[in-house]
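Hi,

Here is the structure I promised to pass on. My notes on what turned up are below it.

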Amino acid sequence: MSGHVFHPGHHDLHGITVVVETSGDNTYVGRFDREDDELAYLKDVGVHEAGSQSWGEYLDRTMLYGVKVDQRDLVVPRAEITSVRKLTEVAGR
Amino acid sequence: MYDPRLVQPMRDETVAMGLEELTTVAEVDAVFANHNGTALVLVNSVCGCAAGTARPALKQALSHGVTPDNVYSVFAGMDKDATQRARSYFGEDFQPSSPSMALLRDGEVVTMLHRHMIEGRSLEDIAADLTAAFDKHCGTTV
């Protein structure tokens, strides 16, 4: 049963906790689900807004304590996305 | 909730490696209300993206020379009340994720391996994180 996946044929980042930076004020941290030509779909998403807690502190706290979920499902227009990286590659460990 | 018949092999896998399944709130409280020593809790999950690596990584880590006094599992998405109660013993700062693993010493979380520290990583790397935590926190108290 190890390695069993109920949802084969998924995107490479499917199920991975990612940091999605956008051209707007928000950065999203959540599990990447899928994408199509126009949209990226995330699950269990924490939202960092520019001007609140510092970006680095937010990501470091998220790395340490986990994602504090603000939205269960979130759809982000791909045109607004400037980067998608794994949380573990962005936040300090 | 998934079909229990599909999930049973994932439960069996943890029992076979020596984990005690906690399926009710009463069972969780009986273990953790006044827990002394070290304990690891696997928050099990059906998600193959991460749990499919988490379980064998834990199995490998438990073959290490230094291990927690007790090892338990709760099953997120299946035994919801027991899982929620177990998480209450982790402290309110820790956000829920599954699969995840919490190492506790005398009732306090000393290491938490969140889902994001498991997904996409190799079995060996996860096991190495666990054995490092075991070495640090589960050795003989002086």
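Helices here (H or I, at least four residues) and strands (E, at least two) are DSSP runs, numbered from the N terminus, and two strands count as paired if DSSP finds at least two bridges between them.

Before I go on: this is a predicted model, so local features need pLDDT of at least 70 and side-chain atom pairs count only at pLDDT 80 or more, while totals for chains, interfaces and linings use all residues. Residues are numbered from 1 along each chain as its sequence is written, with chains lettered from A and ligands numbered from 1 in the order in which they are written.

Back to β4(B) (residues 100-105): 5 of its 6 residues are buried (20 or more other C-beta atoms within 10 Å of a residue's own; 12 or fewer is exposed, in between is partly exposed, and C-beta atoms are placed from the backbone). β4(B) also runs antiparallel to β2(B), joined by 6 bridges, and Val41(B) has Ala102(B) as its bridge partner there.

So what is the strand order of the open sheet in chain B? It goes β1-β3-β2-β4-β5, 5 strands with mixed pairing. β1 and β5 of chain B are at the edges with a single partner strand each, so one side of each has no neighbour in the sheet. Helix α5 (residues 123-137) of chain B lies across β2, β4 and β5, at about 160° to β5(B) (axes are lines fitted to C-alpha atoms, for helices over the stretch in contact, and angles run from 0 to 180 degrees between N-to-C directions).

The largest nonpolar core has 41 residues, and Val41(B), Ala57(B), Val74(B), Met101(B) and Leu130(B) have the most contacts inside it. A core here is a set of buried Ala, Val, Leu, Ile, Met, Phe, Trp, Tyr and Cys residues joined through C-beta atoms within 7 Å. Its largest share, 6 residues, comes from α5(B). Leaving out residues up to four places away in sequence, Met101(B) touches Leu40(B), Val41(B), Leu42(B), Leu58(B) and Leu113(B) (contact means C-beta atoms, placed from the backbone, within 7 Å). Apart from that core there is another, of 16 residues, including Ile16(A), Val19(A), Val45(A) and Leu59(A).

Chain A has an open sheet too: 5 strands in the order β4-β3-β2-β1-β5, with antiparallel pairing. Its edge strands are β4 (71-77) and β5 (81-86), each pairing on one side only. Strands β2 (residues 26-35) and β3 (residues 39-49) of chain A are joined by 8 bridges, and Asn26(A) has Glu49(A) as its bridge partner. Helix α1 (residues 55-65) of chain A lies across β1 (17-22), β2 and β3, at about 110° to β3(A).

Last, the two chains touch: 17 residues of chain A are in contact with 21 of chain B.

Cheers
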